[in-house]
Amino acid sequence: MSAEQPDSQWPLWEVFVQEKTGDPHEHAGSLHAPDGELALQAARDVYARRGPVVSLWVVESEHIVSTTPADSPSFLEPGPEKIYRHPRFYTGPRSTKNTARKK
Amino acid sequence: MDDAGREERFQARIDAGERIEPKDWMPDAYRRQLVRMMSQHAHSEVVGMLPEGNWITRAPSLRRKQILLAKVQDEAGHGLYLYSAVETLGVSREELIDELLAGRAKYSSIFNYPTLSWADMGAIGWLVDGAAILNQTMLTKCSYGPYARAMVRICKEERFHEKQGFEIMAVLAAGTPAQRAMAQSALDRWWWPTLMMFGPPDGESTHNDQLMRWRVKQKSNDELRQWFVDLTVPQAQQIGLAIPDPELRFDEASGHWLTGPIDWDEFWRVVRGGGTCNRDRLEARQRAHDDGRWVREAAEAYAKKHRT
Amino acid sequence: MNALVEYLLRLGDDRLVLGHRLSEWCGHAPILEEDIALSNIGLDLLGQAAGFLGLAGEVEGLGRDADALAFGRGATELRNVQLVEQPNGDFAHTIARQVLFDTASLAVLEQLAGAKHAKLAELAAHAAKETRYHVRHGRDWFVRLGDGSAESHTRTQRALDSLWIFTPELLEADAVDAELGRAGIGADLASVRAGWRREISALIEQATLRQPEDPPYPATGGRRGVHTEHLDHLLSNMQCVARAHPEARW
């Protein structure tokens with residue numbers, strides 16, 4: 001191979017798919033595209049052609065900021081130590097029933 | 001923690017059924033094996049588009065034409081998912097393609113065989129995809145997260161590939177004498193190469209033990225091969241085609257269909273470049289790559305000019 | 001000649017031939033993502049062809065289904081425009097051919113979605129939805145190729161110059177269109193022509209290309225079975241297995 005630029009397969013993008021309204025967008029995988037518009041079209045062809053999909057997000061992989069395994073345990077709290085954040089920590093009378101009579 | 005400690009901890013995670021993700025520590029050998037396996041798998045999908053792509057334009061009905069085009073399109077997609085999975089280990093798609101075209105990377109040798117009739121589309125879907133599904137089903141449990149997830153996606157899509165192949169064969173076998181003969185000829189030519197797809201016998205397979213220990217593979221080559229034979233022989237009987245193996249017999253004791261000897265000389269000959277289509281496959285991929293360079297560059301040039 | 005059958009054959013044959021051309025790219029596209037994209041468009045077109053040809057066979061009432069029409073007719077019997085039978089050429093040629101066709105196709109299908117023929121209207125509405133996406137893909141690529149590199153600009157200009165002669169036929173109306181127009185079924189091609197010119201002129205400018213001169217003798221005749229020599233080679237390939245086994249089921 002000569003010293004020329006290695007052939008480019010375009011930058012890498014990550015694809016997030018929302019299957020129906022109300023759902024969160026989930027990571028579906030990645031693909032290569034030269035820009036956002038073609039990334040969106042490729043995402044539609046590659047990850048949404050079997051449906052159901054109502055929304056697609058694409059983002060260049062290099063723009064994703066993420067934690068690393070070294071970040072836990074200090075950055076990402078591992079266990080339920082602050083259990084007062086959890087509803088089950090609480091006892092006491094159960095919520096009263098709504099006794100409003102149905103019309 | 002030193003490397004020996006890290007390796008122990010890593011193996012413990014594997015043994016506990018944990019998934020390894022891209023940024024996790026992993027032994028160099030694990031990373032290398034996965035890059036090799038996944039890239040080989042990706043190359044196989046892409047090269048695999050060619051033998052079937054060969055018959056899209058000649059498909060004998062609109063329905064078959066659409067089905068075959070959709071199937072080959074899926075294979076492009078599978079290659080794409082798999083290249084993406086390899087890229088999580090820090091190797092770019094450019095490098096992987098470079099390896100393939102330079103002849104340094106392997107792909108499944110089954111695709112070095114020629115497709116010589118419409119019936120070959122049936123045989124490939126039924127046998128080759130049938131074999132691939134068994135391998136892929138196993139890999140959905142692979143210890144490396146991105147590979148396992150790609151495999152789950154692929155398995156969902158692969159099911160229609162095998163079904164449409166078997167349907168083609170069934171219709172041909174029940175058709176005119178010429179169609180029946182076409183189907184039998186295809187089965188005769190694709191049966192043994194499909195058995196070879198599972199790789200050399202366990203005793204001779206170099207990476208097998210280590211891959212099983214790392215839960216990259218869960219079944220050995222021979223186990224997968226036997227599973228395939230047991231599933232497929234009854235299917236052939238069901239549609240009235242003959243497996244081209246005079247020594248094929250059902251063994252009551254084990255409950256397995258036992259085949260005659262596989263010609264491993266042929267396997268090695270084809271893997272090492274002596275198959276009918278080895279050169280044509282790489283030339284086709286090289287041409288697509290070369291012819292496409294100006295397109296890829298144009299898109300990048302446009303993006304650069306119009307970057308906001 | 002039943003005008004409605006003719007009309008449906010035109011709609012079906014355009015998409016059969018163009019879908020077939022696109023399918024030739026599978027495995028050979030410039031990048032994996034485009035193998036998938038071109039196959040997608042090809043699949044849509046083949047599906048549309050099956051719909052229109054199937055309806056043509058029904059209306060004709062001689063027992064011919066979509067397959068009989070697709071695999072049993074020769075070059076002089078096909079009713080596609082000459083543009084779609086042109087060979088793929090390079091990627092610029094394929095994209096130019098696609099965007100010129102799809103822009104006209106979308107305008108026609110959108111009108112046909114309101115046709116006084118329920119089945120045709122349904123097929124057209126579905127096809128229009130798919131074609132909207134094809135137009136988006138084609139336009140985006142046409143602009144990137146025209147305004148990309150020096151090489152892509154040259155190639156795209158060459159493609160445009162070469163294919164321009166086939167464009168008037170896309171929206172050329174004849175007696176069949178007139179008869180169906182009177183019945184409230186056919187599209188009014190004259191009403192679509194100005195819009196097509198405007199859209200394509202703007203696209204060419206956006207792509208930094210030069211609009212070719214209008215040809216003194218535009219290509220014509222496809223609607224009457226007069227085709228370039230490319231079509232018969234295409235059909236020989238497409239139909240050979242089906243024709244080798246007449247009466248066979250697949």
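Biologist: How many residues does the contact take from chain A and from chain B?
Modeller: The contact takes 16 residues from chain A and 15 residues from chain B. Two residues are in contact if their C-beta atoms, placed from the backbone, lie within 7 Å. This is a predicted model, where local features need pLDDT of at least 70 and side-chain atom pairs count only at pLDDT 80 or more, while totals for chains, interfaces and linings use all residues. Residues are numbered from 1 along each chain as its sequence is written, and chains are lettered from A and ligands numbered from 1 in the order in which they are written.

Biologist: Which elements of chain A give two or more residues to the side that touches chain B?
Modeller: Those are β2 and α1 (36-47) of chain A. β2(A) gives the most, with four residues. Helices (H or I, at least four residues) and strands (E, at least two) are DSSP runs, numbered from the N terminus.

Biologist: And how do the residues on that side of chain A divide?
Modeller: Into eight nonpolar, six polar and two charged. Ala, Val, Leu, Ile, Met, Phe, Trp, Tyr, Cys and Pro count as nonpolar, Asp, Glu, Lys and Arg as charged, and the others, Gly among them, as polar.

Biologist: What order do the strands of the chain A sheet come in?
Modeller: The open sheet has three strands in the order β2-β1-β3, with antiparallel pairing. Two strands pair if DSSP finds at least two bridges between them. β2 and β3 of chain A each have a single partner strand and stand at the edges, so one side of each has no neighbour in the sheet.

Biologist: By how much are neighbouring strands turned against each other?
Modeller: By 25° on average, direction ignored. Axes are lines fitted to C-alpha atoms, for helices over the stretch in contact, and angles run from 0 to 180 degrees between N-to-C directions.

Biologist: What packs on the sheet?
Modeller: α4(B) does, touching β1 and β2 of chain A, and its direction makes about 95° with that of β2(A).

Biologist: Back to the strands: how many bridges join β1 to β2 in chain A?
Modeller: Six bridges join β1 (residues 12-18) to β2 (residues 26-32). β1(A) also pairs with β3 (residues 55-60) of chain A over six bridges, again in the antiparallel sense.

Biologist: What stands opposite A:Val17 in β2(A)?
Modeller: A:Glu26 stands there. In β3(A), A:Val17 stands opposite A:Leu56, and A:Val15 stands opposite A:Val58.

Biologist: New topic. How many helices and strands are there in chain C?
Modeller: Chain C has 10 helices and zero strands. The C-alpha atoms of chain C fill a box of roughly 55 × 40 × 35 Å along the principal axes. A compact globule of 250 residues would have a radius of gyration near 18 Å, and chain C agrees, with 18 Å. That radius is taken over C-alpha atoms, and the globule rule is 2.2 Å times the number of residues to the power 0.38.

Biologist: At what angle do α2 and α6 of chain C cross?
Modeller: The axes of α2 (residues 32-60) and α6 (residues 118-146) cross at roughly 165° and come within 10 Å. The two helices are therefore roughly antiparallel; angles under 35 degrees count as roughly parallel, over 145 as roughly antiparallel, 65 to 115 as roughly perpendicular and the rest as oblique.

Biologist: Which residues make the contact between them?
Modeller: Among them are C:Ile41, C:Phe52 and C:Leu55 of α2(C), and C:Leu120, C:Leu123 and C:His134 of α6(C). By class, this contact has seven nonpolar, four polar and three charged residues.

Biologist: How many residues does the contact take from chain B and from chain C?
Modeller: It takes 38 residues from chain B and 39 residues from chain C. α4(B) gives the most to the chain B side, with 12 residues. That side divides into 22 nonpolar, 11 polar and five charged.

Biologist: How do α4(B) and α2(C) cross?
Modeller: Their axes come within 9 Å and cross at roughly 160°, which makes α4(B) roughly antiparallel to α2(C). Residues making this contact include B:Leu69 and B:Ala76 of α4(B) and C:Ile36 and C:Leu43 of α2(C). The contact has 10 nonpolar, eight polar and two charged residues.
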